[in-house]
Amino acid sequence: MLTSLTAVSGDFQREVEARSGQNLDGCLGCGTCTGSCPNISFYDYSPRELIALIRRGEKKRVLESRSIWYCLGCYTCEERCPGGIGLSRVMDACRELCLKEKYAVNGERVLLFHRLFLAQLARYGRAPEALLALQFNFRTKDYFRDLGLGRKMFLKGKIKLFPERISGQKEIRSFFREAGPRGVLPE
């Protein structure tokens, strides 16, 4: 029984490692990632707990967790990890697996935001905040959600109404074409 449990848990861990390029056996379990995460208050499992769940083969708990969708990809955990684990890449791998294997997404609004953000990044090379907020609020039918904050930010010159052009847009579009949708970009 122990052998088959190890094989099952090892399968999930190896799958995440192959997709992320990270060796999760290097995790010391120190919790530096958890202590460094600026978004930890929204997680249902801390980054340290997620790695432990992956190592135990608890695929369903990991792929249906809210945490994989709330990772900002800020790389703070990665910069501080004494084991050198790129947790943002692990979260990306888990999101890909969640969508590929059609697990329930715990945070449909987060997934929508994620898709809109990446679509704008692919199109403009950056995500214009005003356009992103408008699209998100329109799609969630929460039309006036950010109106007060948006007005204040616009009046202070913090956001622009129209996307700015950046250099290197061709390279960015090329990158997204080569990477493919991988289940995250809108099809």
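**Ground rules**

This is a predicted model, in which local features need pLDDT of at least 70 and side-chain atom pairs count only at pLDDT 80 or more, while totals for chains, interfaces and linings use all residues. Residues are numbered from 1 along each chain as its sequence is written, and side-chain values use heavy atoms, leaving out hydrogens and water.

**Stop 1: the whole chain**

Show the cartoon. There are eleven helices and zero strands. Helices (H or I, at least four residues) and strands (E, at least two) are DSSP runs, numbered from the N terminus. In sequence order the pattern reads α-α-α-α-α-α-α-α-α-α-α.

Switch to the C-alpha trace. Along its principal axes it spans about 60 × 35 × 30 Å.

Colour by burial. Of the 187 residues, 39% count as buried. Buried means under 20% relative accessible area, exposed over 50%, and partly exposed in between (1.4 Å probe, protein chains only).

Contacts come next, with contact meaning heavy atoms within 4.5 Å. Among contacts with a separation of 6 or more, 63% join residues 24 or more positions apart.

**Stop 2: the cavities**

Rolling a probe the size of a water molecule over the atoms shows where empty space is left. The search uses a 1 Å grid over the protein atoms alone: a cavity is a set of points where a 1.4 Å probe fits but cannot get out, a pocket is an open set with protein on both sides within 12 Å along at least five of seven lines, and lining residues have an atom within 4 Å of a point. Grid points are joined across faces, edges and corners, and a volume is the space filled by probe spheres set on the points.

The structure holds two cavities of 30 Å³ or more. The largest cavity has about 100 Å³ of space. Select Cys27, Cys33, Ile51, Cys81 and Ile85: of its 14 lining residues, these are the closest to the centre. By class, the lining has nine nonpolar, five polar and no charged residues. Here Ala, Val, Leu, Ile, Met, Phe, Trp, Tyr, Cys and Pro count as nonpolar, Asp, Glu, Lys and Arg as charged, and the others, Gly among them, as polar.

Move to the second largest cavity, at about 90 Å³. It is lined by 14 residues, and Cys37, Tyr43, Cys71, Cys74 and Cys77 are the closest to its centre. Helix H7 (residues 87-100) gives the largest share of this lining, three residues. The classes are eleven nonpolar, three polar and no charged.

**Stop 3: the cysteines**

How many disulfides does the structure hold? The count is zero, with a disulfide being a pair of cysteine sulfur atoms within 2.5 Å.

Cysteine 27 is buried, at 16% relative accessibility.

Now take cysteine 74. Its closest cysteine sulfur, in cysteine 77, is 6.2 Å away, again too far for a bond. Cysteine 74 is partly exposed at 38%.

**Stop 4: the second largest pocket**

This pocket has a volume of about 550 Å³. Select Glu129, Ala130, Ala133, Asp146 and Gly150, the closest to its centre of 22 lining residues. Helix H9 (129-139) and helix H10 (147-155) each give two or more residues to the lining. H9 has the largest share, eight residues. The lining divides into 16 nonpolar, two polar and four charged residues.

Stay with H10. Zero of its nine residues are buried, so H10 lies largely in the open. Just after H10, glycine 157 takes a positive phi of about 75 degrees.

**Stop 5: two single residues**

Select asparagine 137, in helix H9. Buried or exposed? Asparagine 137 is buried, with a relative accessible area of 5%. Beyond its neighbours within four places in sequence, asparagine 137 contacts Asp142, Tyr143, Arg145 and Asp146.

Finish at glutamate 58, in the loop between helix H3 (47-55) and helix H4 (59-63). Glutamate 58 is partly exposed at 22%. Leaving aside neighbours within four places, glutamate 58 contacts Phe12 and Leu53. The C-alpha atoms of glutamate 58 and phenylalanine 12 are separated by 7.9 Å, with the two residues 46 apart along the chain.
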